[in-house]
Amino acid sequence: ILNNLFLADKMKKPNLFIVGAPKCGTTFLYHYLKQHPEIFFPDFKEPHFFGSDLIRKNGAYDLNVNNYQNLFNSDKKIIGEASSFYIFSKTAAKEIYNFNPNSKIIIMLRDLVDLVYSMHSQFVFSGDEIIEDFKEALDLEDDRLNGIKIPNQTTVVNKLFYTKNILDLPKNINYFINYFKRENIHFILLDDIKNNPEKVYSKALTFLNVDSTINISNFKIINKNKSYKSKFIRNFIKKYSIGLGKLRSRFIKQPLGIVKSIESLNKKEQDREIMSIDLKKSLINQFSEVDIAIKKIIN
């Protein structure tokens, strides 16, 4: 990545990065910031261009610098992207800084046990994870860290490093602080979105130095927990959607939305099963030092 970034020096660059974490309201913020007249986001929410240590598979997120730069054809004041796995990368902060050191960074967080459980549920829905029992998926982590028992259809192997991703959060957050400085980083908690989305939205606009009087009349929850109706359709989408998208792009640049429509038809919103008390206690203990460290960081 870094060897080619000089090609984009004179082109319009994103200057806002919502770097994660997944399932912490990133889709909510992307959706509503995108409506602001001074802010541009591409329709491709998560290009995951940076983070060279993220292990990509199956041709996923293989944009070159020109492909990436072409996503941001806008003259608006704020040009953003929202790749939620940058926060789980050790290299993304440095790479983004080298690309555009004048960027603003938004980091979104939630209760850590809820976060890891919600990520597993999301990856089961998307097909990145084929082990539907949460405890069983956690028990496979050591194997997966060693490159074993990775589902063939996974797009980013790091998605399956559930507890490691959580344990690395304070260090990775500090990478962003070290490069971009605290005044250029804005933290948002999912609970605050649930309790007062208007206030969260207004604070984000103030942080971005754009008109904060813009009024959204009715905030809605975006990207609720969901499951699939048909495993066959889920696996078909996961297996073929990237290849079909690349084939389509040879003839038509703009996505047709067919795969998204099929995925939507195959989706059902439902609450997750309640985690066992013993597993929840175990994770709370495992993440306790991380929780304290994050609270110190965000004050």
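Over which ring does the charged end of Lys104 sit? The views below, all taken from a predicted model, begin with this contact.

**View 1. Lysine side chains over aromatic rings.** The charged end of Lys104 sits over the ring of Phe207, at 4.9 Å from the centre of that ring. Phe99 in turn belongs to an aromatic cluster, whose other members are Phe17, Phe49, Phe50, Tyr68, Phe72 and Tyr86.

**View 2. The aromatic pair of Phe28 and Phe219.** A search of the whole structure gives 20 aromatic pairs. In the pair shown here, the ring centres of Phe28 and Phe219 are 5.7 Å apart and the ring planes meet at 40 degrees, so the pair is classed as tilted. Because Phe28 lies in helix 1 (residues 26-33), whereas Phe219 lies in the loop between helix 10 (197-207) and strand 6 (226-228), the pair ties together parts of the chain that are 191 residues apart in sequence. Both Phe28 and Phe219 are buried.

**View 3. The aromatic pair of Phe85 and Phe88.** The rings of Phe85 and Phe88 form an edge-to-face pair, with 5.0 Å from centre to centre and 70 degrees between the planes. Phe85 has a relative accessibility of 3% and therefore counts as buried, and Phe88, at 5% relative accessibility, counts as buried too.

**View 4. Helix 8 and the elements that it packs against.** Helix 8 (residues 169-180) has 12 residues, which at 1.5 Å a residue should span 16 Å, and its end C-alpha atoms are 17 Å apart, in agreement with that expectation. Its buried residues are Leu169, Pro170, Asn172, Ile173, Phe176, Ile177 and Phe180. The buried residues of helix 8 pack against helix 3 (92-99), helix 4 (112-126), helix 7 (162-167) and helix 13 (277-298), as well as against strand 4 (104-109) and strand 5 (185-189). Lys181, which follows helix 8, has a positive phi, near 70 degrees.

**View 5. The protein chain as the setting of the close-ups.** The secondary structure of the protein chain comprises 13 helices and 7 strands, and 48% of its 299 residues are buried. Of the contacts in the protein chain between residues at least 6 apart in sequence, 78% join residues that are at least 24 apart. The protein chain exposes about 15600 Å², of which carbon and sulfur atoms supply 50%.

Methods
Residues numbered from 1 in each chain as written. Predicted model: local features only at pLDDT ≥ 70, side-chain atom pairs only at ≥ 80, totals over all residues. Heavy atoms only, no water. Phe/Tyr/Trp six-rings, centres within 6.5 Å; stacked < 30°, edge-to-face > 60°. Helix = DSSP H or I, 4+ residues; strand = E, 2+ residues; numbered from the N terminus. Buried < 20%, exposed > 50% of the residue type's maximum accessible area, 1.4 Å probe, protein only. Lys NZ or Arg CZ within 6 Å of the ring centre and 35° of its normal. Contact = heavy atoms within 4.5 Å. Areas by Shrake-Rupley, 256 points an atom, 1.4 Å probe, with all protein chains shown as cover. Expected span 1.5 Å × (residues − 1).
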